[in-house]
Amino acid sequence: MCGIVGIVGQSSVNQTIYDALTVLQHRGQDAAGIVTEDNGGFRLRKANGLVKDVIEAKHMQRLQGNAGIGHVRYPTAGSSSASEAQPFYVNSPFGIAFAHNGNLINTIELRETLERKRRHINTTSDSEILLNLLADELQHISGLSLTPDEVFGAVKQVHKQVSGAYAAVAMIIGQGLVAFRDPFGIRPLVLGKNETETGTEYMVASESVALDAVGFELIRDVAPGEAVYIDLEGNLHTRQCAHNAKHAPCIFEYVYFARPDSTIDKASVYASRINMGTKLGEKIKSEWYEHDIDVVIPIPETSCDIALEISSSLGLPYRQGFVKNRYIGRTFIMPGQIERKKSVRRKLNAIHQEFKGKNVLLVDDSIVRGTTSEQIIEMAREAGAKKVYFASAAPEIRFPNVYGIDMPTSEELIAYGRETDEIAKIIGANGIIFQDLPDLVAAVKLENPDIEQFETSVFDGKYITQDVDQTYLDHLTQLRNDDVKADRNKDVGTNLELHNVCHP
């Protein structure tokens with residue numbers, strides 16, 4: 001999962017992009033980058049690290065220009081090397097900088113196609129492949145300037161070749177900014193504007209919260225398959241570029257990834273989570289009607305609103321039993337299992353008074369590998385809890401995600417091939433309860449009934465693009481295994497050093 005931003009403004013956009021990326025930091029903490037267009041050239045800074053550490057004052061002085069794009073990265077199939085930080089860049093045609101959120105399914109075939117066309121791919125990132133596909137389509141245009149029809153024609157051809165999830169933004173030197181979303185709208189992308197004395201500024205971003213943070217007004221979500229082109233004069237052009245586009249956004253955005261103050265596809269993330277709590281509270285009352293729970297405690301922070309609603313439904317006290325160290329990153333999106341294990345106790349500390357002698361219900365947004373849940377339950381018992389029950393606002397995650405979330409293999413998922421009692425035993429809970437998938441879907445649809453279908457493959461194994469087979473899943477396992485990632489990142493050490501020289 002990553003976060004993207006693109007702006008065509010009336011004045012320098014470097015600070016606006018920086019501020020927008022900081023509120024999208026939850027979508028990726030591995031690397032960050034900004035590109036601006038200035039006098040017919042690109043100004044680029046990217047490296048591993050958080051936005052505040054990568055982009056310093058000296059870089060902001062260089063990042064001049066009234067248009068630009070930004071990216072925060074969370075690696076899935078690719079390497080964690082600084083050489084794969086985004087935005088990426090190609091010098092022909094025009095000069096194109098590119099940032100992408102998602103994951104492509106047919107990467108191998110696309111790479112072979114590009115190699116036959118003598119387009120060099122320098123990294124293992126599918127984002128660079130997507131950039132080169134767009135560049136290759138624009139290469140066929142003979143004029144010195146692009147028309148909206150030509151831009152949309154290129155995006156249309158990209159859609160025809162690519163399978164998977166992608167929300168992308170590109171800056172084209174001397175032309176403008178183009179952004180587009182995959183034909184299923186799996187990954188989110190919003191469009192906003194800001195009226196100034198000198199004209200209208202336009203912005204695209206992964207979440208509406210990025211618009212809010214910099215004073216832009218949300219216009220709407222970019223539709224599945226749609227492309228947005230903003231020329232450097234500030235004119236907005238939009239067009240549907242995919243045949244038979246169908247809306248099926250990733251439901252895990254609402255469960256975990258998106259900020260609660262965002263609205264995605266006209267559905268409030270905060271309200272959706274409140275609804276999840278209501279649905280799960282009703283299930284607990286129905287199935288655990290003889291429970292001996294004394295208190296409801298969330299595992300901060302995503303589940304706090306959900307747990308509050310559960311406590312209200314059950315008529316039980318709600319307590320903040322854990323204090324979170326806000327300077328530690330999100331454990332789920334850390335690159336390796338060892339780092340995830342190390343970080344849990346550095347990230348959370350129990351308030352013993354809230355656990356001692358009590359039967360507690362811990363509430364989390366989901367259970368993926370189970371490592372974090374097991375350690376948190378241990379912490380609750382060490383703090384004096386008599387019994388520890390566990391509630392998940394999401395159903396059992398039994399299948400790998402192929403659309404940009406790092407859930408690599410079924411074998412790594414604690415719910416794969418196991419019943420509820422087995423899962424409870426492994427993580428050390430006295431009992432465990434999961435949200436039902438129909439209730440999760442209903443919780444989000446309450447906020448936007450027009451969403452007819454969601455991408456729910458991690459729960460039911462039904463991949464919306466209908467081209468995911470075991471061969472592909474085996475390939476993804478090889479790419480995403482933690483040991484393989486570690487070896488790959490060692491191998492790119494020399495590239496990392498070169499990258500730091502090229503982008504000081």
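Student: In which loop is Lys-266 found?

Tutor: Lys-266 is found in the loop between strand 14 (263-264) and strand 15 (267-268). Strands (E, at least two residues) and helices (H or I, at least four) are DSSP runs, numbered from the N terminus. The model is a predicted one, in which local features need pLDDT of at least 70 and side-chain atom pairs count only at pLDDT 80 or more, while totals for chains, interfaces and linings use all residues. Residues are numbered from 1 along each chain as its sequence is written, and side-chain values use heavy atoms, with hydrogens and water left out.

The backbone at Lys-266 has a phi near 65°, a positive value in a residue other than glycine. Lys-266 counts as exposed because its relative accessibility is 61%; exposed means over 50% relative accessible area, buried under 20%, and partly exposed in between (1.4 Å probe, protein chains only). Arg-118 also has a positive phi, of about 65°, although it is not a glycine. Arg-118 is placed in the loop between helix 4 (107-116) and helix 5 (126-139), and it counts as exposed because its relative accessibility is 80%.

Two further backbone features involve proline. The bond from Gln-86 to Pro-87 is cis, with omega near 10°, and Pro-87 lies in the loop between strand 4 (67-73) and strand 5 (88-90). The bond from Ser-92 to Pro-93 is likewise cis, with omega near 0°; Pro-93 lies in the loop between strand 5 and strand 6 (96-104).

As for the interior, a nonpolar core is a set of buried Ala, Val, Leu, Ile, Met, Phe, Trp, Tyr and Cys residues joined through side-chain atoms within 4.5 Å. The largest such core has 57 residues, and those touching the most other members are Phe-252, Tyr-254, Ile-284, Leu-361, Val-402 and Tyr-403. Among the elements that give two or more residues to this core are helix 8 (252-257), helix 9 (269-287) and strand 19 (359-364). A second, separate core of 32 residues includes Ile-96, Leu-134, Ala-170 and Ile-172.

Phe-252 also lines the largest cavity, together with residues including Cys-250, Ile-251, Asn-401 and Glu-455. A cavity is a set of points on a 1 Å grid over the protein atoms alone where a 1.4 Å probe fits but cannot get out, and lining residues have an atom within 4 Å of a point. The volume of the largest cavity, about 30 Å³, is the space filled by probe spheres set on the points, which are joined across faces, edges and corners.

Key
1 Å grid on protein atoms, 1.4 Å probe; cavity = no way out; pocket = protein on both sides within 12 Å on 5 of 7 lines; lining within 4 Å.
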